[in-house]
Amino acid sequence: SSDGDCLRAERAAYLARRGDSTTAESELSALRLSGLHIRSAAISSWINFAEGMQFHCNGMDRAASEKWQRSRAIADSGGLKYLSSLVSSWFFFLNYTCASIPLMKEDLQRCLILRAELNDQAKSRLALTIAQCFHVYGDVQSAKRWYTLSRLRALAYGDDVMLSALMHNMA
C-alpha cells in the first residue's frame, strides 16, 4: 500500500539517523525497485527525504540539501504539507549547523506558516534547534524551555535518536 511504503521510507530515514545506513539503503533500494514512487508523490517525497537523511548523517550536507529540496518540492506540488513542514524543520537544523541565518529564518517562517501540519518529529527537531540557538547565545533558561518541548515531542513520537541528540546538546 502507499501508506505502508511511506512508512518504510520514513523508517529508512530513522535508520539513517540511528547510523544503520546499510539497512536504510536496503529498504530504500527495495522501494525504488517497486516503482511505486513514480506514481506517488508521497512515496517519492519520502524516499528523497530518507536519501537526504542518509547524506546528512554521513556528513554530506550539500547532497542532503539537494535531496531535501527535491523532497520538499514534491511534497509542495502534491499538497503534502505535513511532509513539507518536516523537511523544513530539518532544513532549519541543517542551516543552523552551517550558520546560515537567512536560510534559517526562511525555514523557520515556513514551519510557522505550516505549524498546524507539524508532526511530533518536526516539532521536536524544530524545538531542539531553537534550544540550541538560545543555548549558544547564553540564554540557558529559554533554552531549557525549548529542550523540554523537544523532549516531550520526541517522547510522544517514540524517537530515541532525537532523545539521544537532545541529551548530547543539553550537556
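Is Arg-32 buried, exposed or partly exposed, and what is its relative accessible area? In this predicted model, Arg-32 is partly exposed, with a relative accessible area of 29%. Its salt-bridge partner is Glu-25, the closest N and O atoms of the pair being 3.4 Å apart, and Glu-25 is likewise partly exposed, at 31% relative accessible area.

The count of salt bridges in the model comes to 11. One of them joins Glu-27 to Arg-11, with 3.2 Å between the closest N and O atoms; this pair links distant parts of the chain, since Glu-27 belongs to helix 2 (residues 21–34) and Arg-11 to helix 1 (residues 2–18), 16 residues apart. Glu-27 is buried, with a relative accessible area of 14%, whereas Arg-11 is partly exposed, with a value of 42%. Both residues also take part in a network of salt bridges that includes Asp-5 and Arg-8. A further salt bridge is formed by the side chains of Lys-67 and Glu-51, at 2.7 Å from N to O. Lys-67 lies in helix 4 (residues 61–77) and Glu-51 in helix 3 (residues 41–57), so this pair ties together parts that are 16 residues apart in sequence, and both residues are buried.

The largest nonpolar core contains 41 residues, of which Trp-46, Phe-49, Met-53, Trp-68, Leu-86 and Trp-90 touch the most other members; helix 5 (residues 81–97) gives the most to this core, with eight residues. Beyond its neighbours within four places in sequence, Trp-90 is in contact with Arg-17, Phe-49, Met-53, His-56, Trp-68, Gln-121, Arg-125 and Met-162.

Ile-101, located in helix 6 (residues 101–113), is exposed, with a relative accessible area of 53%.

Conventions:
Residues are numbered from 1 along each chain as its sequence is written. This is a predicted model: local features need pLDDT of at least 70, side-chain atom pairs count only at pLDDT 80 or more; totals for chains, interfaces and linings use all residues. Side-chain values use heavy atoms; hydrogens and water are left out. Helices (H or I, at least four residues) and strands (E, at least two) are DSSP runs, numbered from the N terminus. Buried means under 20% relative accessible area, exposed over 50%, partly exposed in between (1.4 Å probe, protein chains only). A nonpolar core is a set of buried Ala, Val, Leu, Ile, Met, Phe, Trp, Tyr and Cys residues joined through side-chain atoms within 4.5 Å. Contact means heavy atoms within 4.5 Å. A salt bridge is a side-chain nitrogen of Lys or Arg within 4 Å of a carboxyl oxygen of Asp or Glu.
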